[in-house]
Amino acid sequence: MTARPLVGLALGGGVMRGMAHIGVLKVLKNAGIPIDMVVGTSSGGIVAALYASGHSPEHIEEIAMKLRPRDVFDYGSVLLNLFLITGGIIARVLHIPYPITSPLGLMRGNKIKKFVNRFVGQDRLFGQTVIPLGITAVDVRDGTLVVFLEGEPAANAKQYTALGYPDLTSSKESVNLRTVVPPEDVFIKGKPVALAAQASAAVPGIFEPVRVGDRILVDGGVRENVPAYVLRRMGAHFVIAVDVGYSGRRVNGISNIIKLLFNSFEIVISEGINLKLESYADVVIRPVINVDPWDTGSTKYSIERGELAAVKALDEIKRKLYDQ
């Protein structure tokens, strides 16, 4: 009897659009698609943490439908942090002393950690989940991809290379280019799941970075918004990736600086995401979610869009997974 492939699910970041992952999980469960391991980034990391800790998709949906903005957003710190940040900027422009250390975000992110602890178990560690879990973050000092997980990563994951680029190392001509070599990925074992989720969701400028040792960690989407690559390093043979980010469709109603910055960020990283998914994902599910990613009232709609996209992808998943 042939052993079936190990199936991994990669859940991408997208703030409130990450609710679509719940719909995808519901469809995969009802279709009998096995999920042996899960990795998430940002809001996808929170959903992944709940799922890996044993919550059914239906229970995660119940949790999401009861979620209120005050459960995850530290509104109490916004005005104070904004005041301190503004003061620091003015002092720098005027070249005058500023004796106060400015915060690195509008909110601390402690409520995200508290929320995750509440549902996965107080300070549950990687290695104590029902199925293997990975959560990504990025060290903002040097761009290192930091992956929280429970065991040693595989050393022989398929190597990603930029497609269509010339091999400059073999060229006889002198090429005046600045070569940027990204730092080696770092895999951290045995940390609390809630701490990793907080770091992975620390959107730069919105949430303060999370310090782990000497690392200053921000949203994993800066480097790995849909972490299919991480699943390969964890040993997955078959990878299903869910991308809830930029879809190429026009976004209306960009009415404030937060929306402007976030949409710009998604556009910038979208091409890199597509290239990596071509290399590492067997099936990519892309729910069409025409809502502001910060819209806290879009939960039901986003879940439904996730279900719809997953249903459309089922034939491809079954064909590729079982007809190998």
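Colleague: Is Val15 buried or exposed?
Modeller: In this predicted model, where local features need pLDDT of at least 70, side-chain atom pairs count only at pLDDT 80 or more, and totals for chains, interfaces and linings use all residues, Val15 counts as buried because its relative accessibility is 14%. Buried means under 20% relative accessible area, exposed means over 50%, and partly exposed is in between, with a 1.4 Å probe and protein chains only. Residues are numbered from 1 along each chain as its sequence is written, and side-chain values use heavy atoms, with hydrogens and water left out.

Colleague: Where does Val15 sit, and what is its phi?
Modeller: Val15 is in the loop between strand E1 (7-11) and helix H1 (20-30), where helices (H or I, at least four residues) and strands (E, at least two) are DSSP runs numbered from the N terminus. Its phi is near 55 degrees, which is a positive value in a residue other than glycine.

Colleague: Which residues lie nearest the centre of the largest cavity?
Modeller: Val15, Met16, Ser43, Ile46 and Leu67 do, out of the 22 residues that line the largest cavity. On a 1 Å grid over the protein atoms alone, a cavity is a set of points where a 1.4 Å probe fits but cannot get out, and lining residues have an atom within 4 Å of a point.

Colleague: What classes of residue make up that lining?
Modeller: The lining has 19 nonpolar, three polar and no charged residues, where Ala, Val, Leu, Ile, Met, Phe, Trp, Tyr, Cys and Pro count as nonpolar, Asp, Glu, Lys and Arg as charged, and the others, Gly among them, as polar.

Colleague: And which helix gives the largest share?
Modeller: H2 does, with four residues of the lining, while helix H2 (43-52), helix H3 (57-66) and helix H6 (110-120) each supply at least two.

Colleague: Switching to H5, which of its residues are buried?
Modeller: The buried residues of helix H5 (residues 78-94) are Asn81, Leu84, Gly87, Gly88 and Ala91. Seen down the axis of H5, they fall within an arc of 125 degrees, so they line one face of the helix; the arc is that of the directions from the helix axis to the C-beta atoms.

Colleague: What do they pack against, and what is on the other side?
Modeller: The buried residues of H5 pack against strand E3 (105-107), with contact meaning heavy atoms within 4.5 Å, whereas Leu79, Phe83, Val93 and Leu94 are exposed on the other side.

How values were computed:
On a 1 Å grid over the protein atoms alone, a cavity is a set of points where a 1.4 Å probe fits but cannot get out, and a pocket is an open set with protein on both sides within 12 Å along at least five of seven lines; lining residues have an atom within 4 Å of a point. The expected span of a helix is 1.5 Å times one less than its number of residues.
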